[in-house]
Amino acid sequence: MKRCLCLSVFVALALTSTGAYAADDCAKIIATGHPKYPVIAFREGDALVGAAPTLVETIAKKLNVPLESKFMGNWADAQAAARDGKADMIYGIYYNDERAKYLDYVQPAFIYDDVAVFVAKGKAFPFKGQDDLIGKKGVTNQGESYGTEFDAFIKDKLDVASADGIDDAFKILLDGKADYLIAGYYPGLAEAAKDGVKDQIDVLDQALLTAEMFVAFSKKSPCAALADKFGQAITEMTTDGSFDAILNQATAEWDAAQAKP
């Protein structure tokens, strides 16, 4: 499976719009994200840490705007907070048409994220693409989206249950209540290691899909006026190696945390 961590090309998924706000209207950015998506983002007390929080905090500091990365519930709750304007920003989010109704996506994406199919060890099946999942039972984390097209495919063609976190999804898989689990490759392996089940699962060789992961502003936030400046900074940091260093540091910190007794 190809696992590329590189600069996204600019895509015509959604044009950022800053409404009637000016950048001066943004006194502080309240940011949130996935609380269980190491090493991109994960919960540490009432805060979120990881590569994405560090990325946006670094940019905000350059722009002289205070930013707080805040835990605001599970992934579905975090999206609701951005939709309702309780959070100014959400990071580590894929694009889909429904989300674009309430989010201003910052271009470009900051990383490509492989989405993998996990199975219980010894229960792999031939897999070359999404059609091979038809007729089998799947599970994924509540609130996940894998892009407009694959979300529609899940709805129309697949039997996929929602779990409260990747940890619960692995339990469902290993209890035999699902044939496969859909999750990001990196957070899936990290969660399996954390739960002590890494030796009980396999990852099918072919990636299900590779999605672009974005930072986005709530359209209800005055801070959305900073979208262009964040985009310029993301371009620079994913080009000059700065984000790679952040990602490596976040990975090392996560690994060290999991190694503690």
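**Buried residues, cores and a helix pair**

S69 counts as buried, at 6% relative accessibility (buried means under 20% relative accessible area, exposed over 50%, partly exposed in between; 1.4 Å probe, protein chains only). The model is predicted: local features need pLDDT of at least 70, side-chain atom pairs count only at pLDDT 80 or more, and totals for chains, interfaces and linings use all residues. Residues are numbered from 1 along each chain as its sequence is written, and side-chain values use heavy atoms, with hydrogens and water left out.

S69 lies in strand β5 (residues 67–69). Strands (E, at least two residues) and helices (H or I, at least four) are DSSP runs, numbered from the N terminus. The side chain of S69 forms a polar contact of 3.1 Å with that of Y91. Such a contact is a pair of N or O atoms within 3.5 Å; within protein, one must be able to donate a hydrogen and the other to accept it, and residues adjacent in sequence count only if both atoms are side-chain atoms. Beyond its neighbours within four places in sequence, S69 is in contact (heavy atoms within 4.5 Å) with A31, D46, A47, L48, P53, E57 and Y91.

The largest nonpolar core holds 57 residues. A nonpolar core is a set of buried Ala, Val, Leu, Ile, Met, Phe, Trp, Tyr and Cys residues joined through side-chain atoms within 4.5 Å. I29, M89, F110, F217 and F230 have the most contacts inside this core. Helix α1 (residues 51–62) supplies its largest share, six residues. Leaving aside neighbours within four places in sequence, F230 contacts I29, V56, I59, A60, L63, M89, V106 and F217. A second, separate core has 16 residues, among them A116, V139, A163 and I201.

F125 sits in the loop between β8 (111–120) and β9 (137–141). F125 is buried, at 13% relative accessible area. Not counting residues up to four places away in sequence, F125 touches V117, V119, D132, L133, K136, D179, Y180 and L204. The C-alpha atoms of F125 and L204 are 8.2 Å apart, across 79 residues of chain.

Helices α4 (residues 166–174) and α5 (residues 185–194) pack at about 75 degrees, with axes 10 Å apart. Axes are lines fitted to C-alpha atoms, for helices over the stretch in contact, and angles run from 0 to 180 degrees between N-to-C directions. The two helices are therefore roughly perpendicular (65 to 115 degrees). I166, D167 and F170 of α4 meet P187, G188, E191 and A192 of α5.

Methods. Angles under 35 degrees count as roughly parallel, over 145 as roughly antiparallel, 65 to 115 as roughly perpendicular and the rest as oblique.
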